[in-house]
Amino acid sequence: VDVFASADAANVAQVASSGRTCGEPVAFATNDLVIVTRPGNEYEVAGPGDLARLVAGGEVIALCAESAPCGRLADELLAGVEAGGTGAAGPDESGVTRAPNARATLGAVVRGDAAAAVVYRTDALAAGDSVELVEVAGSPVSTEYLAVTLEGGSGDLDLSSAFVEMLTSREGQAVLASGGFR
């Protein structure tokens, strides 16, 4: 492995502390959380508060596992949402299915196992017409992707460093933006 990239800052920090890295981790992209629903958005989901409404009405929503970056961010997003008039924060977990990552979480909506999910914009865009994307207006909830060059991979540190530089270049940023990153 010549370059390690991750949305999980803890994983990047662990790799960086291993002593096998060349330089500091570099932020190269940000991925925002969005809500996805089944095509047509039959429950008229317009924002995070509607997810608690869905659960209170007996529907299931999908979130990433609490141990995954997308799960921690979804929990942060939903922490300020009242759970169906109960005064509790966030939707009742009994109406939440958790998946190991954003792609699996998205799959719960695509298969019809969940009415809505909180996932990364890039995953929602990649799903195309199989879901409807609902923007989370004004939400600062996003994850930053970091890359670090490693020693000992192929042995070509110049090439590894050039790849990381390309990620942060105007051209690299344009490619990432076309996939939904910012």
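**Packing and side-chain contacts in the predicted model**

Leaving aside residues up to four places away in sequence, Val119 touches Asp32, Leu33, Val34, Val36, Ala102, Thr105, Leu106 and Ala124, a contact being heavy atoms within 4.5 Å. The model is a predicted one, in which local features need pLDDT of at least 70 and side-chain atom pairs count only at pLDDT 80 or more, whereas totals for chains, interfaces and linings use all residues. Residues are numbered from 1 along each chain as its sequence is written, and side-chain values use heavy atoms, with hydrogens and water left out.

Val119 also belongs to the largest nonpolar core, which has 46 residues; together with Ile35, Val36, Leu51, Ile61 and Val118 it touches the most other members. Such a core is a set of buried Ala, Val, Leu, Ile, Met, Phe, Trp, Tyr and Cys residues joined through side-chain atoms within 4.5 Å. Each of the following elements supplies at least two core residues: strands S2 (21-37), S3 (61-64), S5 (116-120) and S7 (142-150), and helices H2 (48-56), H3 (69-78), H4 (102-110) and H6 (157-168). The elements are DSSP runs numbered from the N terminus, helices being H or I of at least four residues and strands E of at least two. S2 provides the largest share of the core, namely six residues. In soluble globular proteins, nonpolar side chains tend to be buried together.

With residues up to four places away in sequence excluded, Asp50 touches Glu44 and Val45. Gly58, which follows H2, has a positive phi near 95°.

Beyond residues up to four places away in sequence, its contacts are Asp2, Arg20, Thr21, Cys22, Leu157, Ser160, Ser161 and Val164. Tyr145 is buried as well, at 16% relative accessible area.

The structure holds two aromatic pairs. Rings of Phe, Tyr and Trp (its six-membered ring) pair if their centres lie within 6.5 Å, with planes under 30 degrees apart counted as stacked, over 60 as edge-to-face and the rest as tilted. The ring centres of Tyr145 and Phe181 are 5.3 Å apart and the planes stand at 90°, so this pair is edge-to-face. Because Tyr145 lies in strand S7 and Phe181 in the segment after helix H7 (170-178), the pair ties together parts that are 36 residues apart in sequence. Ring pairs link Phe28, Tyr145 and Phe181 into a cluster.

Helices H6 and H7 are in contact through Met166, Leu167 and Thr168 of H6 and Arg170, Gly172, Gln173 and Leu176 of H7. The residues of this contact comprise three nonpolar, three polar and one charged. The helix axes come within 4 Å and cross at roughly 65°; they are lines fitted to C-alpha atoms over the stretch in contact, with angles from 0 to 180 degrees between N-to-C directions.

A salt bridge was assigned where a side-chain nitrogen of Lys or Arg lies within 4 Å of a carboxyl oxygen of Asp or Glu. By this rule, eleven salt bridges are counted. Arg98 and Glu66 form one of them, at 3.6 Å from N to O. This pair links distant parts of the chain, 32 residues apart, with Arg98 in strand S4 (residues 96-99) and Glu66 in the loop between S3 and H3. Arg98, at 25% relative accessible area, is partly exposed. A further salt bridge joins Asp75 to Arg98, with the closest N and O atoms 2.8 Å apart. Asp75 lies in helix H3 and Arg98 in strand S4, so parts that are 23 residues apart in sequence are tied together. Asp75 is partly exposed, at 26% relative accessibility. Glu93 likewise meets Arg98 in a salt bridge, at 2.7 Å from N to O, and Glu93 is partly exposed, with a relative accessible area of 41%.

Conventions. Buried < 20%, exposed > 50% of the residue type's maximum accessible area, 1.4 Å probe, protein only. Nonpolar A, V, L, I, M, F, W, Y, C, P; charged D, E, K, R; others polar.
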